[in-house]
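Here's a short tour for anyone opening this one up for the first time. Have a look at the picture below, then read on.

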Amino acid sequence: MKRRIHQYVISFLFLFTMGCDRLKVDSSKISLQVPKNLSGKMNSSSATLSLKHLAVQVTASDMSHPVILLQDAGDSSSLGSEITLEIPSGSNRLVQVLAAYAPAGSDDGAILYYGDVSKSLTGTTETLDVPLQKLGSENTVEGRLHGRYLTAVNAGPSGELKLFYRPTGKPALLVDRKMMFGGWFEMVAFSDIPMDYVLPDGSYMGEQWTTNTLPTGPHLIKVIEPSSFRDRWTSAGSSTWEPRSPENKFYGFFAKNSSYLANKTVCVQSSLSNGGTLYSSSHFVTESRNHLMPIKHFAAGTTPTTTPQAIAFVGGRTFAECASLPAAEEFVSYLKFNGTNWDNRIYDIGENFGIIGLQTMFTRLGENPVNRTSDKFGLDAGGAYVEIRPLPGALEGFNGLQIYENSSTSSSVYTDSCEPSRLINLGWTLHSSAPLPVATNGNLKIYLKTLGWKPQRDFQYQICLSKDGQPYGKATYVWADSADIAPPNTLSINTSSTSGAPFHSSPVSGECRPVSINLSGPTMPVNPFPSLGYSVAATDGAATPAAILYSSKDCTGTPAISISKTFAPQVTDSTIYMKSASPGSFSLAVTNASGLTNPAPLYVNVMDTTNTPNSVALALDMATSPIGNFPTLTGVYPQGCHPVVAFFSEGGRIVNNSGSATFSWTELDGTTTYTPPSDIKIVDNCISKSPQSSINVVNGVGRFAVTAGTSLLANISLTVAGFGALGKTDVNIGPIAHHLSLTLPAGSSTSPVVYQCQAVKVEARDATGNLVTVPTNKKIRFSLQARSEVMEQPTSVSFYSDSSCMIQQHEYDVVSGTSSTLVYMKTNDLGVFFVGYSSQFTQNYGSMDSEIRMTPLPAPLSVDLGGYSNIPNTVYHGFGIFGGTPPYTATVTQGAAVVNVAQPYPPLWQLQLTPSATGPLTIQVIDSKGQTTQVNLTVY
């Protein structure tokens with residue numbers, strides 16, 4: 001079973017007791033032999049399955065309590081195959097076993113097996129063979145239930161939620177147990193294996209539930225994830241495709257009493273700005289990064305039409321129906337699914353509901369609600385604190401905090417889970433415990449200096465909510481120096497060009513440009529002020545007030561000569577906007593009345609617009625997002641609509657041209673015309689989707705959309721041209737070869753001399769190592785890269801397109817009709833390094849298997865005088881030292897001078913000298929291996 005929320009190994013042994021005296025009861029030991037591995041089918045393909053989860057229960061009519069054992073592999077690959085239990089002796093002991101198997105190293109779905117046997121035990125140790133039979137069918141789908149179970153208005157139980165399997169004619173078998181807090185829970189479910197869900201008080205939350213029979217509605221959605229593939233990274237620069245089993249997830253509110261659900265809603269955003277489709281970037285229809293699964297929403301009351309080509313959200317309501325719901329009621333009466341607006345792709349469905357573990361995510365005031373954060377740091381009279389917001393009612397089940405520390409500074413030990421085995425495996429150890437702070441308005445403000453730690457520099461810390469010493473939920477991450485946050489003392493002001501758009505650092509007339517005012521201080525930025533106001537005033541070059549300031553991000557309304565604004569609580573940045581109708585120089589001055597240091601005035605030069613563009617940039621049109629979100633258009637995915645914006649510019653300045661522009665599809669060579677499938681079209685937008693023969697451009701900006709049916713583009717270019725300029729973007733770059741192999745042709749060596757120019761042969765190959773010829777009109781673009789054998793040690797390796805190593809280049813092509821190309825390289829210093837590649841045109845972006853280990857040899861030791869053998873007296877001089885093996889020493893053997901060897905610009909070495917007498921000056925330079933060179937100078 002999937003183990004992403006909570007993993008543990010628990011064994012319970014119940015013996016008869018009365019009062020404080022243990023009854024003397026004969027006991028027996030049984031040894032169960034459970035298969036550690038099985039052959040089975042996952043994702044319609046055969047696989048070796050490992051034992052991941054085990055539930056054992058022993059009952060009898062004369063046993064007042066069952067003997068229960070639960071084990072879960074957690075982060076381990078599998079459980080052991082032999083289990084020993086001690087149970088009371090007697091007749092007719094019913095031993096029940098449920099085992100879950102899944103591929104080793106995978107968190108994919110599991111296959112369940114069940115078996116039981118009756119045995120009379122006489123006090124000896126016996127080995128029992130329990131025959132296991134598969135539960136469910138070949139098409140059983142595992143699922144997850146996430147949400148809140150209500151037993152009163154906006155209230156739910158806290159304690160242990162138990163999962164039982166009920167075999168026909170036999171006692172119900174405990175399969176799993178997890179904590180629920182205030183009704184919030186997460187538990188496994190199956191499509192055709194009914195399970196019972198028992199609340200802490202022993203009553204049923206659900207009887208014989210399956211994901212096929214659990215009804216959806218406005219209060220509950222079902223997320224249907226078909227079979228798919230996941231692009232999984234296996235090592236630095238290497239990835240592989242992993243098949244994924246189907247899965248059903250439920251999010252929302254549960255209750256037996258329907259009146260508790262009357263005002264409960266799950267709001268689902270099924271499209272982006274202009275109707276663009278959302279995609280799940282962890283699910284691919286095929287083994288292609290360009291075949292992302294779209295997400296479709298079928299609201300409550302509609303008929304879902306699910307397909308294996310898309311993820312379906314069934315139930316809930318649309319955002320339009322939820323628009324009037326108050327923000328304070330989120331997580332109380334409704335949940336809200338926000339799709340990310342960055343490249344239209346969903347990275348984590350759980351986080352898009354604003355929930356991580358048992359915490360809700362904060363939404364910053366005034367920002368798009370998709371911009372959430374799980375915790376926030378602050379500073380007030382009590383000192384530095386971190387604030388978290390548990391789910392409503394969840395705090396009822398907690399009674400403390402636990403602080404864990406890790407001496408590693410690597411990001412690889414980070415985890416957002418407080419699951420004990422996960423913390424242990426990553427090297428986290430319990431540092432201390434602390435009482436649970438009193439919540440204010442549902443939020444926990446944890447003051448860092450009250451946690452009982454003595455933070456050490458370079459240590460990492462995590463805070464977990466706990467119940468009776470057991471951590472649960474999400475870990476809150478803090479650095480050691482977070483406890484010493486100093487209050488801010490300075491304001492700053494700046495403006496910058498829009499990310500992803502070709503805007504110049506200086507705006508042009510008529511352009512609306514954001515201006516940021518920020519709080520800063522000696523440590524991390526925080527805002528401890530209950531109300532911090534500031535004012536910005538604008539003047540022109542003649543110091544005359546200039547009406548160029550706006551409060552709205554599209555610069556609508558009446559322009560002002562000054563704007564006063566207040567920072568949102570706990571927020572450290574604020575934004576106003578400026579636009580000038582004519583070119584000129586302007587000064588923006590910031591003042592405040594809170595005693596903070598004001599920044600120097602910001603001088604902005606507004607340039608005149610032009611009508612002679614020389615470039616066109618194509619980007620995804622995130623028009624409803626904050627300014628700055630214009631990611632490059634790189635993907636056109638099936639069953640979706642992709643809004644596009646074309647920016648016409650000259651030297652980074654948006655032009656004022658208006659009219660029509662043309663578009664065309666070409667092969668990657670940029671010249672061969674490509675005709676796309678009939679279901680891929682250029683349209684006006686993603687709402688009306690009216691086909692277009694040209695693109696309408698207004699003041700240098702053209703907007704259109706690309707809509708796609710079931711067809712998949714691969715390695716095609718889209719070009720937009722107009723007003724004498726054109727722009728091209730490569731769409732759906734995908735594998736043309738499995739990988740690239742790197743070899744050294746004759747004349748090249750794995751031990752090159754420093755500064756020696758030598759060739760590297762790059763060949764396209766398939767999965768079995770055979771050469772691949774690049775198809776007509778295509779190419780494989782790649783770059784070579786070097787990494788040091790010593791972690792974090794820089795390398796100085798350059799790559800070139802010519803055999804003389806004169807023309808340095810970053811990217812190279814294996815062109816159509818060929819299988820290989822040559823790239824030239826040279827290293828500028830000693831130190832073992834590896835040469836590898838990076839390419840989106842191969843199955844793996846890059847692979848350590850293709851790397852070449854290089855061990856450079858020192859070049860002859862020399863000092864480059866740059867043609868200056870005659871130098872003036874008493875003047876400082878620096879000459880480069882090349883070759884040999886550093887470090888170096890220098891000694892004056894004739895004449896007089898102060899000499900030194902240094903690295904002013906690592907890894908380059910320099911002979912530094914200042915002569916103190918005229919006449920001949922001779923200096924001997926020696927490297928660490930004893931190689932010498934003599935420098936002869938004349939001082940005048």
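## A lysine in a strand

Let's start with lysine 249, which sits in strand β22, residues 247-254. Strands here are DSSP runs of E with at least two residues, helices are runs of H or I with at least four, and both are numbered from the N terminus. Lysine 249 has a relative accessible area of 13%, so it counts as buried (under 20% relative accessible area; over 50% is exposed and in between is partly exposed, using a 1.4 Å probe and protein chains only). Its side chain makes a polar contact with the side chain of glutamate 225, at 3.4 Å. A polar contact means a pair of N or O atoms within 3.5 Å; within protein, one must be able to donate a hydrogen and the other to accept it, and residues adjacent in sequence count only if both atoms are side-chain atoms.

A word on the background: this is a predicted model, where local features need pLDDT of at least 70 and side-chain atom pairs count only at pLDDT 80 or more, while totals for chains, interfaces and linings use all residues. Residues are numbered from 1 along each chain as its sequence is written, and side-chain values use heavy atoms, with hydrogens and water left out.

Most residues other than glycine have a negative phi, and most peptide bonds are trans. Phenylalanine 331 has a positive phi of about 75° without being a glycine. You'll find phenylalanine 331 in the loop between α1 (319-322) and β28 (334-337), and it's buried at 4% relative accessibility.

Phenylalanine 723 also has a positive phi, near 60°. It belongs to the loop between β56 (716-722) and β57 (725-731) and is partly exposed, at 28%. As for the peptide bond from proline 886 to proline 887, that one is cis, with omega near 5°; proline 887 is in the loop between β68 (877-882) and β69 (888-894).

## Salt bridges

How many salt bridges does the structure hold? There are 24, each a side-chain nitrogen of Lys or Arg within 4 Å of a carboxyl oxygen of Asp or Glu. One of them pairs glutamate 511 with arginine 513, with the closest N and O atoms 2.8 Å apart, and both residues are buried.

Another joins glutamate 811 and arginine 781, at 4.0 Å. That pair links distant parts of the chain, 30 residues apart: glutamate 811 is in the loop between β61 (797-800) and β62 (812-815), and arginine 781 is in strand β60, residues 779-788. Glutamate 811 is partly exposed at 39%, and so is arginine 781 at 28%.
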